[in-house]
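My entries follow the order in which I looked.

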Amino acid sequence: MSVRVILLSTTKLKKTYRLGRVDVPVLRSLDLRVAQGEWVAVLGKSGSGKSTLLHLLGGLDRPDRNGGTILFRDEEVTGVGARRLNRYRNRDVGFVFQFYHLLPELTVLENTLIGAMVRGRLSTDRKRRAHELLELFELNDRLKHRPRELSGGERQRVAIARSLINDPPLLLADEPTGNLDQQTGESILDVLSDLHARGQTIVMVTHDEAVATRADRSVHLADGRIA
């Protein structure tokens with residue numbers, strides 16, 4: 001029996017926000033394990049802390065002081081400096097958001113290459129990778145189009161291509177179908193399923209039970225913990 005390698009884990013993760021004079025705990029001692037190559041769906045009601053969890057996992061936010069740990073490949077992410085955290089966000093993690101966050105003045109190809117541009121001068125390898133991804137997602141005839149010229153599903157496919165430009169081991173998806181009609185949403189889930197079949201590790205948050213069925217397993221977030 002093979003042992004699955006844990007790619008990402010949290011231990012006693014806590015996050016509290018300050019609203020005026022009141023402390024509002026969002027995550028309360030949350031434990032989560034994600035194996036390499038696994039697709040995990042995080043379910044929960046609006047306000048349950050799903051997006052907060054994803055932001056912490058991706059290094060977009062930090063836990064409370066003494067608020068637990070996040071390990072990626074057995075290395076701690078929570079207490080590292082800004083330079084190491086930026087490297088983690090750029091090379092180890094890909095982000096897909098509900099509202100795409102494409103830059104309107106850039107073309108499809110340029111939007112896809114943004115993550116590679118952050119690393120410095122664009123290499124031939126990254127340019128080739130961008131073309132491969134856009135062909136994989138059936139966007140090779142849209143390379144010079146701008147986001148306003150695309151459908152919602154095409155924009156999300158560009159956003160997924162952008163998230164994969166540096167071949168990150170981990171893909172974090174925040175309600176990736178939440179801004180799409182059902183048919184288009186299913187096509188995006190097909191894209192994620194294909195990536196997963198190729199070995200991509202995915203953590204996806206959603207409020208939709210039907211969307212979560214595409215994942216290997218689902219966990220439910222309630223009262224700041226995995227229920």
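These are my notes, topic by topic.

**Ground rules.** I am working on a predicted model, where local features need pLDDT of at least 70, side-chain atom pairs count only at pLDDT 80 or more, and totals for chains, interfaces and linings use all residues. Residues are numbered from 1 along each chain as its sequence is written, and side-chain values use heavy atoms, with hydrogens and water left out.

**Aromatic pairs.** I paired rings of Phe, Tyr and Trp (its six-membered ring) with centres within 6.5 Å, calling planes under 30 degrees apart stacked, over 60 edge-to-face and the rest tilted. I got two aromatic pairs by this rule. Phenylalanine 72 and tyrosine 88 are edge-to-face, because their planes stand at 70 degrees, with the centres 5.4 Å apart. This pair links distant parts of the chain, 16 residues apart: phenylalanine 72 is in strand β4 (residues 69-72) and tyrosine 88 in helix α2 (residues 82-92). I took helices (H or I, at least four residues) and strands (E, at least two) as DSSP runs, numbered from the N terminus. Phenylalanine 72 and tyrosine 88 are both buried. For me, buried is under 20% relative accessible area, exposed over 50% and partly exposed in between (1.4 Å probe, protein chains only). Phenylalanine 95 and phenylalanine 97 are stacked, at 5.9 Å centre to centre and 0 degrees between the planes. Phenylalanine 95 has a relative accessible area of 14%, so I list it as buried.

**Helix α5.** Which residues of α5 are buried? I found Arg126, Ala130, Leu133 and Leu134. Thr124 and Glu135 are exposed, on the face turned away from the buried side. Just after α5, glutamate 138 has a positive phi of about 60 degrees.

**Serine 9.** I located serine 9 in strand β1 (residues 6-19). Its relative accessible area is 9%, so serine 9 is buried. Not counting residues up to four places away in sequence, serine 9 touches Leu32, Arg33, Thr69, Ile70 and Leu71; contact means heavy atoms within 4.5 Å.
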